[in-house]
Every structure is written in structure tokens, then in C-alpha cells.
Amino acid sequence: MNAVEARGVGKVFASRSGDVHALEGIDLTVAAGEFVSLIGPSGCGKSTLLRLIADLDTPTSGELTVFGKTPQQAREAQDYGIAFQQAGLLPWRTVTANVELPLELHGIGKAERATRAAELLSLVGLDEFAGHFPHQLSGGMQQRVAIARSLAERPSLLLMDEPFGALDEMTRERMQTELVRICAESGAAVVFVTHSIPEAVFLSQRVVVMSPRPGRISAVIPVNLGDERGEDLREDASFFAAVTAVREALHGTPVTARGVDLR
Amino acid sequence: MTDLATTLAPERTAPVPVRPRERSAVGRRVLVGVLAVLVLVALWELVKVVVPDAGGHLGEASVLPRTDDLAMPHVWTIVDRVLDPETSAAGSPTVLSAMLSACWFTLRVALAGWLVGSVGGLLLAALMQRWQLAEAALVPWVVLSQTVPLIALAPLVVGWGGRIHLGELEWQRWMSVALIASYLAFFPVTIGALRGFQSPPAAQVELFRAQAASWSRTMRSLRLPASVPYLLPALRLGAATAVVGAIVAEVSTGTKGGIGRLIIGYAQSASGDPAKPWAAIIAAALLGLVAAMLVSLLGLGLGRYRYAEVR
Ligand SMILES: Nc1ncnc2c1ncn2[C@@H]1O[C@H](COP(=O)(O)OP(=O)(O)OP(=O)(O)O)[C@@H](O)[C@H]1O
Ligand SMILES: [Mg+2]
């Protein structure tokens, strides 16, 4: 069964200064276990699309299903985990307690919560900060806590909105590699919003390029760099070729092909 | 009630996380408090020295109060008077002990009122948070409720109370006083709690929504903890207003035993014994502070929730 299926999905925000067509005629299928990135200029509706899938907003037209259910049913069944641009940590909870929150909300026992939180914190490299409070962490570290939290319940669908935006380049690349590994292991489908072409290419099986006003899908670029994506892939010719392809789709005009030299 | 303006002001930005106040800051606040009292004493005595006994006059109009020992007794006279017996009758307790037992009475009644008012305020705020419609419908009434003069209310409450017989429970005078105190306390608590409940940023609210957390779970794990920095000052303010309410209610319902009654009683002997009413007035003011301080003790165990206290 497909993780996400959108048929002609549109979203219009009514406002006093006129309607904003944030999305129009979105057709998108994300297979189970597939990694799909959304990329496009600011304001093209990437976050809006993610919010529709997460049932934080409702489409004004079209049909949207998540694992064959309505987004609301999927949300109530806890089919997805979210990590958004703002970490949204609870300042009165320690790092561990923040990661445990989804488990706690769903009545998972104390011991199991603690094990899982410890596991996730070492995954995002924050074991030493388990007892700290969010205000004692940097923005990037907070973001990593939020990512750990989104993984807490081993969701079969991950919705991520620029989760690595606040990270330094090194941590970012490490998190990307980790994310690829986690997804391969857990078989989770991912819808990933990013502004970085190399990031989209490195992570995804398909990159969805969007254009603004109204938000539409302008191109879908299959990437498929294989399941074994190590650090050396970032130096590979196939990687640069895919980056070029996405960049051309994004700019709408073919960039003069300079092959593997393009960085 | 200067806090009221800020309590009522619409929230513009989410509170910025700051570290909990340091211990030394508490010491500094105590020091500032003591200094303020000393300055007040000095001013009082200065006015007595500078302004002529008969007060200041501009033509016929009196522009400054009389400052003779009858109108403004010396601070040390007041202190002296406090330690002397209340009346010349044999075995009469000192003014201090009379005031202490009166304050104790009023404090208990005020805290009972504060408790009722705070619980009511919290429930009302939760209701308004739950249903926007309730908020739109109730906020004007909540605000309006505070414009009803307390004096007008007191006889009504006593009248209703007199008709209440709940089985064994006989309606007591002090209950009317407590009820009026609660009526004052509930206002800041309602407004503070509502602001607190609405304070979590969208990212946090949506996180709970994405987890399919129920309203009551979201209340318990998100809105209530997030409201602590708003609630504590509101509860403190509520305690102070409850004391004011209790004192006014004692006077207007003619309830005996409290500091309100004592002020009136002492004021009647002002012409012969001017220090006595002043002592009672000071005691009443201190009582408000004590009540607020007692309530601030609540905040001691809540350090981690006070990352951004709104004062
Ligand atoms: N709640 C809302 N009310 C009105 N308009 C909205 C709302 N949310 C989004 N929009 C509008 O919808 C459009 C798409 O917004 P969206 O946040 O999805 O963009 P985005 O692609 O995520 O941009 P960015 O890359 O900057 O995050 C924008 O024009 C925005 O103004
Ligand atoms: Mg966005």
C-alpha cells in the first residue's frame, strides 16, 4: 500500500486581502518505504503539503490518503512522526523527557521509554546531554532532539520539514547518512522538505520539484543512487549528474552541462 | 492593581526562555523591600518636620494634610502603641496581640476565598480555552464583574447566605466574607490562566495534535505546565486582592473578629488615641504582603516551569 497518495490536491487560504492559492492540482504518490524530497523556492507550498499529509490542515480540493486512510485516521492511528523547522521542544522537560513524550502520550511503560530514549539520543549524538534542558542546547542540538523524538515510535512514515536547516555542514552530513540508514532499517517512507539540492539528491529516491503561485509540481526527478550511500557517494559522478538534473528542473532552464565538474 | 494592565494586555510574542532567577536576586529583593520601608518612614517623618502642624493652605483651600501628632503620629509613637494594652481595662491584651489574632482570622478567610476563586478561575479559563465561543461570550462578563462595587455586593451575598442550609452546614458570616474575597481573587487568576493556557507556540500545540493527544492530555502535559510562568504572578496578585476583598467585606457585612473590623473600631477612638488606627492600617497592608508571599512559596518547587516568568 502506498504511504501517501494525493490526487489533484489543492489548498486555498482565504484571507482579507484575497485568496492565496498555496497548492493546486498536486498529484503525488509516495510508496511505502520510499524517500521523497520536496524542493522549490520559498512560498511554493512545501510546508503546506506536508501539513496536509499530517492532518494539521485540510485540503480545499482533491483527495489525499495516507496508507489508504484519510489523513485524520492516519494521524489518530499514529502512522507518522513529524520533525518540523521549529524544534518545538517543551522547555520544562529534559532532553530525555522530550524524546520520550510521544511514547508517554501513548502509554508506553517507563522502562521501555528510557531504553528507547537512550538509544535515540546516542543515534543523534546527544547521550551526554540527556539530563539537560532545551535552553542549555544550541539550536542545532535542539533540532537533533526533535528528530530523535520523531523517530521514537518507529513510524512507517516520517514527515520532515527542513529538519537539518539549523545544523552545521558536518553534523548535517552525518545526520543525512544516519537518516538513510534509519530509513533503510525501519523501512519507513519519508517526505522530506529541503532547500538544499545536494541534500535532496543524497537522501532521496525521487526529488519532487515545485514552483510557486500557485504551488504545483513542476518536475519529478528519479535519483536512485542505490541503497549503499556512504560518504564517498558525495564525490561520485552520478551524484553530480543528479544534482545538475535537479538544478535544471528547479531553474526551469537547462544549465550548461559541465558534467562532473559542477559543484 | 498595576499588574492588571499587563495581565490584560494581549500577548504579542511568546516568552523568551530565561534561566530561573538566581538565589542572590531573592536576597536583593528582600533588601530592596527593607529599604523601601525605611524610605517610607523617613518620608513620613520629613513631612511632619517640613509641613506646618496645621497643614498647608492656599488661600482658603487646604492643599496639604494636617501634620500634628493627632493626624500623623510619629512612627515611634505607633510602634510604642502597638506594644501597649489595647484598652485601659484590666487584663486587656496588647494592640499587637489583638491585631495578630485579627490578622490570623482575616488571613484564613482570605485564603479560603483565594482558594475558591483560584479553582473557579482555573476552571473558567480551561472552559474558555476549550471553546472559543465561551471565551468570546465570557470575557466581557469577567471584566464587567470587576466593575460591580464590592460594597453593593456584600449585603446581597449575606442575604443569599442566610437562606442557604445544606444539611448540617450552616452558612456562617465568614463564608460570605470568603465568597466576596474569592470574587476579587478569581479575576486575575482567570485572565492569567487563560493567557498561560494559550501561551504554547503553534509548533508545540501541533506536536500534540500530531500525536492525537486528547484535549485533557494536552491540557495536563502542555498547557498547564506552560501556564506556570503566567499563573504564579496571577495567583500572587489574587492573594493580595483576596485580602483586600476580605477586609472590605468584613467592614461592609459587619463581620467581627478580623482586621477590617479592628480598623473601624480603632478609627472610632482616633481622636484620643491616634496611633491605634494607623497601626491597624499598617497591619492590614502587611497582611496582603504576607498572603502574597505565602502564595509565592508555591513557586519554589516549580523552578523548571518558570523558565520565563511574566511579571
Ligand atoms: N495559515 C496560512 N494562512 C494564509 N496563507 C498561508 C498560510 N500558510 C501558508 N500560507 C501561504 O501559502 C504559501 C505557501 O506557504 P508554505 O509555508 O507552504 O511555503 P514553503 O514552500 O514551505 O516556503 P518555505 O520554503 O519558505 O518554508 C505562501 O504563499 C504562504 O503565504
Ligand atoms: Mg516551509
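These legends go with a set of close-up views of a predicted model.

**View 1. Chain A splits into two domains.**
Let's start with how chain A is put together: domain 1 covers 1-79 + 157-263, and domain 2 covers 89-154. The centres of domain 1 of chain A and domain 2 of chain A, taken over C-alpha atoms, sit 25 Å apart. Where they touch, domain 1 of chain A brings 13 residues and domain 2 of chain A brings 12 residues. About 970 Å² is buried between these two domains of chain A, with 72% of it on carbon and sulfur atoms. Look for salt bridges between domain 1 and domain 2 of chain A and the count is 0.

The size of an interface is often given as the accessible area lost when the parts come together. For chain B and chain A, that buried area is about 2,100 Å², and carbon and sulfur atoms give 61% of it. On the chain B side, the residues that lose the most area to chain A are B:Leu207, B:Arg209 and B:Gln211, which together make up 28% of what that side buries. As for who takes part, the contact draws 20 residues from chain B and 23 residues from chain A. There are 3 salt bridges between chain B and chain A.

Side chains of opposite charge can pair when their charged atoms come close. Here A:Arg51 pairs with B:Glu206 in a salt bridge, with the closest N and O atoms 2.7 Å apart. A:Arg51 belongs to helix H1 (residues 46-53) of chain A and B:Glu206 to helix H8 (residues 202-210) of chain B, so this pair joins two chains. B:Glu206 has a relative accessible area of 18%, so it counts as buried, the cut-off being under 20%. The pair is also part of a network of salt bridges that links A:Lys11, A:Arg51, A:Asp57 and B:Glu206. Another salt bridge is made by A:Asp55 and B:Arg209, whose closest N and O atoms are 3.6 Å apart.

Searching the whole structure turns up 18 salt bridges over all chains. One of them pairs A:Arg206 with A:Glu34, and their closest N and O atoms are 2.6 Å apart. A:Arg206 is in strand S8 (residues 206-211) of chain A, while A:Glu34 is in the loop between strand S2 (20-30) and strand S3 (35-39) of chain A, so the pair ties together parts that are 172 residues apart in sequence. With a relative accessible area of 10%, A:Glu34 is buried.

An α-helix has 3.6 residues a turn, so residues three or four places apart point the same way. In helix H4 (residues 110-123) of chain A, A:Arg116 and A:Glu119 are 3 residues apart, about one turn of the helix. Their side chains meet in a salt bridge of 2.6 Å, N to O. A:Arg116 is buried at 11% relative accessibility, whereas A:Glu119 is partly exposed at 40%.

**View 2. Helix H3 of chain A, largely enclosed.**
Of the 11 residues of helix H3 (residues 95-105) of chain A, 10 are buried, so the rest of the structure largely encloses this helix. Among the buried ones are A:Val95, A:Asn98, A:Glu100 and A:Leu105. Who are the packing partners of the buried residues of H3(A)? They pack against H4 and helix H5 (139-151) of chain A, together with H8 and helix H9 (215-253) of chain B. After H3(A) comes A:Gly107, with a positive phi near 70°.

Most residues other than glycine have a negative phi, and most peptide bonds are trans. The peptide bond from A:Arg213 to A:Pro214, though, is cis, with omega near -15°. A:Arg213 also has a positive phi, near 45°, and is found in the loop between S8 and S9 of chain A. A:Arg213 is exposed, at 69% relative accessible area. Over in chain B, B:Ala212 has a positive phi near 55° and sits in the loop between H8 and H9. B:Ala212 is partly exposed, with a relative accessible area of 30%.

**View 3. A nonpolar surface patch on chain B.**
B:Val26, B:Val30, B:Leu31, B:Val34, B:Leu35 and B:Leu38 make up a nonpolar surface patch of about 570 Å². One of them, B:Val34, is in helix H2 (residues 23-50) of chain B and counts as partly exposed at 47% relative accessibility.

Notes:
Residues are numbered from 1 along each chain as its sequence is written. Chains are lettered from A and ligands numbered from 1 in the order in which they are written. This is a predicted model: local features need pLDDT of at least 70, side-chain atom pairs count only at pLDDT 80 or more; totals for chains, interfaces and linings use all residues. Side-chain values use heavy atoms; hydrogens and water are left out. Patches are made of residues with over 30% relative accessible area and no salt bridge: like charges are joined within 9 Å, nonpolar side chains (Val, Leu, Ile, Met, Phe, Trp, Tyr) within 5 Å. Accessible areas come from the Shrake-Rupley method with a 1.4 Å probe; for residues, only the protein chains shown count as cover. A salt bridge is a side-chain nitrogen of Lys or Arg within 4 Å of a carboxyl oxygen of Asp or Glu. Helices (H or I, at least four residues) and strands (E, at least two) are DSSP runs, numbered from the N terminus. Buried means under 20% relative accessible area, exposed over 50%, partly exposed in between (1.4 Å probe, protein chains only). Domain bounds come from an automatic or database domain assignment. Contact means heavy atoms within 4.5 Å. Buried area is the accessible area (1.4 Å probe) that two parts lose on being put together, summed over both.
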